[in-house]
Amino acid sequence: MYGYGGYYLGYGGDWMLLLLPALLFAMYAQFKVTSSFNRYLRVASRSGYSGYEVARMILDRNGLHDVRIEPIGGNLTDHYDPRSKVVRLSRNVYNGRSIAAVSVAAHEVGHAMQHGEGYLPLIIRNNLAPIASIGARFVWILILLGFVVSYFFLELGIMLYVAIVLFQVVTLPVEFNASRRALYQLENFGIVYSDEIGSSREVLKAAALTYVAATLVSLAQLLRLLSLTGRRRN
Ligand SMILES: [Zn+2]
């Protein structure tokens, strides 16, 4: 790994020490979210509501009658689309009557509630989203060009990477807050009984962990990039 690889490791090699645990943590988080989701997908919620029913109930109780709910393909693809005001739930969640289904449905409604009341971190996140998605597409090409063609591309690449990291950081309060709202609604409206709420919390916590892990990976990657450019400048 040393030799001419030493040149490679020499750049940002110190930060590899940070990136590696972050990547391992990300793998663990991914495993954790899949395993707890699958586990509680098999545990029926005693109130017996489906994910769709729970989402509709919480939306209506919070005056969000204009927010629609649609099924979507795939697994763990559930999300709230603020542009069309639609909560999209994967089949397992939409039709499911499990703890996992009602917890995820309530979490997505949590985002609709944030949108409805203009929750600041969500507004910031939505404004950063287009830059972050363009960034994700071009950042590595720019960085590569930065090393081969001109330093200018490297700086541009790093600026885009900073936008991606900011987007991920501001996503954290948005996600934690949506889960907090979900747990409150589930418990207070008797959708999930008090002895089931711990299971709901476990599902939502595991999901939040993946966002924390992704942020740590990007942050470590950014530090590595910065150390690379620092050495190039010297
Ligand atoms: Zn969310």
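Entry 1: I began with strand 2 (residues 79-81), which is joined to strand 3 by 3 bridges, the two running antiparallel. For the words themselves I noted that helices (H or I, at least four residues) and strands (E, at least two) are DSSP runs, numbered from the N terminus, and that two strands pair if DSSP finds at least two bridges between them. This is a predicted model, in which local features need pLDDT of at least 70 and side-chain atom pairs count only at pLDDT 80 or more, while totals for chains, interfaces and linings use all residues. Residues are numbered from 1 along each chain as its sequence is written. Strand 2 and strand 3 form a hairpin with 4 residues between them, and lysine 85 in the turn has a positive phi of about 55°.

Entry 2: Which way do strand 1 and strand 3 run? I found them parallel, with 5 bridges joining strand 1 (residues 68-72) to strand 3. Among these partners, glutamate 70 is bridged to arginine 88, and proline 71 to leucine 89.

Entry 3: The 3 strands form an open sheet in the order 1-3-2, with mixed pairing. Strand 1 and strand 2 are the edge strands, each pairing on one side only. The twist averages 30° from one strand to the next, where angles run from 0 to 180 degrees between N-to-C directions and axes are lines fitted to C-alpha atoms, for helices over the stretch in contact. Helix 3 (residues 51-61) lies across strand 1 and strand 3, and runs at about 160° to strand 3; contact here means that the C-beta atoms of two residues, placed from the backbone, lie within 7 Å.

**Entry 4: burial.** Why is strand 3 (residues 86-90) largely enclosed by the rest of the structure? I found that 4 of its 5 residues are buried, and therefore it is largely enclosed. A residue is buried if 20 or more other C-beta atoms lie within 10 Å of its own, exposed if 12 or fewer, and partly exposed in between, with C-beta atoms placed from the backbone. In the chain of 234 residues, 36% are buried.

**Entry 5: tyrosine 28.** I located tyrosine 28 in helix 2 (residues 13-41). Tyrosine 28 is partly exposed, because 13 other C-beta atoms lie within 10 Å.
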